[in-house]
Amino acid sequence: MNGRLEITGLKKRFGGLTAVNGVSFAVEPGEVIGLLGPNGSGKTTVMNMVSGALRADAGSIRFDGVELTRLKPNKIAKHGVARTFQLVRPLPTLSVAENVLLSFAFGRKRHWGREAQMLVEEKLEFVGLGGRGGEEVGNLTYIDQKRMELARALASEPKLLLLDEWLAGLNPSELRIGIDLVRHLQGLGMSVLLVEHIMEAVRALCSRCVVMSAGEVIASGESEAVLKAPQVISAYLGDDHA
Amino acid sequence: MIENLVNGLVLGGTYALVAMGLTIQYGIARIMNLAFGDLIIAACFGTFVLYSGFALSPVLALFLIVPLGFAFNYFIYQIVMRPLVARAPNSEALEVDSILVTFGLLFVIQGILLVIFGGAYTSYSYLNTPVNVLGTIVAANRLVAFVLALIFGAGILFVLFRTRWGTTLRAVALAPESAPLYGIDVNASARLAFAIGGALAASGGVVVSMYQTFTATAGVVFTMKALIVVILGGKGSLTGALVAGLLLGVVETMVAAYIDPGLTLAATYTVFLLLLLVRPSGMFGKAG
Amino acid sequence: MKQTVFILLGLAVLALLAAAPYLLSDYGTALLLGMTGYITLATAWAMFSGPTRYVSLATVAFFGIGAYTVAVLSEVLPYPLVLLVAALIGLTVAIIVGLSTLRLAGVYFVIFTFGLAELVRQTVTWWEVNVTETLGRYIFLPFEGRHIYWQLLALLVVTLLISWWIGRSRYGLALKAIGDDETVAEHAGINVPGLKLALFAISATIITLVGAIQAPRWTYIEPSIVFNPTVSFLTLIMALLGGPSKLWGPMVGAIPLFLLFEWLSANFPDHFSILLGALFIMIVFFMPKGILAKLEDLRAGGAS
């Protein structure tokens, strides 16, 4: 399994506001990397450009040698990039299993039929929703909806997973479960790009971090070192922990 | 050429007026009203009855029909739309529901008009005297119609941009979720906006009946044109509706004069298609 | 085992329906013909608009295109070829409409389809008046009511089979996902605009064929007859009453409503559209998801 993401000179403007201004970094195969920064620094915009929800104004996004920059989200999914959403987005008229089945049916390998149903059950088991495929998504608790969304992202069998504040809003014990799940993914050789505010999770999961502020990368490298860098503390932690 | 341009502007003035009404209903009250054109036609017939039955001049008829249009839409919102707004989980669901309900309303209004007036083309002759404008001859009724459209258009712009009421309504249009935080009653604002939109439709009906023939079944075409003007100008943009309305009026008149009167709707659609090609993300401000 | 029983049962019902013209009076056959036509329209409409929630108001535009094509070509080409040409014209119009609107927010689609029938009607009228100079045409095809009925029945079976197949396939799941949240659907790997376009084109082609097959009933056709907006309206009400997201929903709505419309138009011809409009508003108010969903809710409510 490959999964190298390379972003160079990425730019995005919304009207007069430059949300992302020349961002470059790479995610190596099998690496869990944290994308940090204060609110409004452009992290989610970067995520949205990688997944194809937004189109970059300039720069390039290459994944395993394929240029993703001008592709639509469905094509990007087929190249092996999957995502979760900052606010969970379950499909309410589908059951839990159908939500996950959808990604198997249209993902990288297009599974369908009995085989796909077994795979769905496997994925639900993996995220801790084993045996609950028949339930309505509306009846799931928040953490279970997040689990379901992770299963749905994994069901397209990605090589790179984009997690947009996936751990936000969880209580401490749920957080530990969440961190273990992500670590497990890494064990399977998947690359993960993690937009996250929770430092505990970043320290536990990410060997490297990229920190953004006002649309630009202000620091990147080993997590421990980056989180101690003075410009990071003033731009990011300074706001949060002052 | 000048004559057609003047006639086009007269027609466009009416389009702009009714499109403003529709954009207020859609932009502020969030109701996509497919029965809008049938309200216009109802006002046409109302003016016709007052003029030919009671010898009341269309200009005076305005004072009766416009408040009636306001009141009718006020109650329609309260009785029909309000429950839909209350039950809709999101704006998409409300859009679908309002489309369906007003599609039903369209048939009700059209049916009532057909029962009373039949399906024939109707018109009356009011101020059909030639007037010289910029060296060309224009019927006086068209001039009156144009001036009235200007007065109503300017009036509504004044209300929306220069009064407290207007500021409140525009706030609801921009941010319906956060408006209540500022003590704005969104429901009352939406009802008011829907009623104002209806009053504009009624005024448009009175104005258009002065110089055009109309039938009970012509509502669909008016709704269609108003919708296209709203999209051309951008949702919720009144100045956009004004410019786009005038543009559509001129395009139509030119097509009718130089190509064929039977192709005006085709021309309208062509304008719409071109717009969709040039601005594929839509003119609603948001992408998709 | 259970499936075999269902298939046998379905075939028996179908055989009975096919034999119906021999058992019924001419009036009965005509009634069945009209009903089959509307069931097909409602099922085809719901095929696209049900799961995606893109409300198409253009049913009669396609229906009329089908009917008018038959009127123009029935003397020139052999009948099967006429149907083929009609289907191709309907398909082409659907693709043009779909390509220009389905990439955009649903409201553009609604607006475009809302005026489409009127546009096609005016354009055809203009063409007939100015180019061919014949407004109104006669259709002389050697069909009796039962021949038309059998064709419609066959089309209905095909439509139901397509609908059933889509419902079970991955595309059925994808359409439901599109109705819920297009962004999520796209990120799951679905080509959203392509799928919407394909479905709309299939649905519109079937509707075109209903119009084409029914055309010989009129013998005399002019644009105002075949582009009557009531057809769009009836189709919409039927599909909504039964429930557009279920395979049998449109049929469940179409049968009682068709009979009601027949009765209304015989007894209250002048007030037909008022009653219809009022009824439709009631349906949107009290059964927004249709009878079948309402029954399910009631059953679920009773059980818990």
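Trainee: Hi! Which domains is chain A divided into?
Mentor: In this predicted model, chain A has domain 1, made of 1–80 + 159–242, and domain 2, which covers 90–157.

Trainee: And what distance separates the centres of domain 1 and domain 2 of chain A?
Mentor: The centres of those two domains of chain A are 24 Å apart, taken over C-alpha atoms.

Trainee: OK, switching to chain B. How many helices and strands are there?
Mentor: Chain B has 10 helices and two strands. Along the sequence, the order in chain B is α-α-α-α-β-β-α-α-α-α-α-α.

Trainee: What does the radius of gyration say about chain B?
Mentor: Chain B agrees with a compact globule, because one with 288 residues would have a radius of gyration near 19 Å and chain B has 18 Å. Its C-alpha trace spans about 55 × 45 × 35 Å along the principal axes.

Trainee: What share of chain B is buried?
Mentor: Buried residues are 51% of the 288 in chain B.

Trainee: And what about contacts between residues 24 or more positions apart?
Mentor: Those make up 76% of the chain B contacts that have a separation of 6 or more.

Note on methods. Residues are numbered from 1 along each chain as its sequence is written. Chains are lettered from A and ligands numbered from 1 in the order in which they are written. This is a predicted model: local features need pLDDT of at least 70, side-chain atom pairs count only at pLDDT 80 or more; totals for chains, interfaces and linings use all residues. Helices (H or I, at least four residues) and strands (E, at least two) are DSSP runs, numbered from the N terminus. The radius of gyration is taken over C-alpha atoms; the globule rule is 2.2 Å times the number of residues to the power 0.38. A residue is buried if 20 or more other C-beta atoms lie within 10 Å of its own, exposed if 12 or fewer, and partly exposed in between; C-beta atoms are placed from the backbone. Two residues are in contact if their C-beta atoms, placed from the backbone, lie within 7 Å. Domain bounds come from an automatic or database domain assignment.
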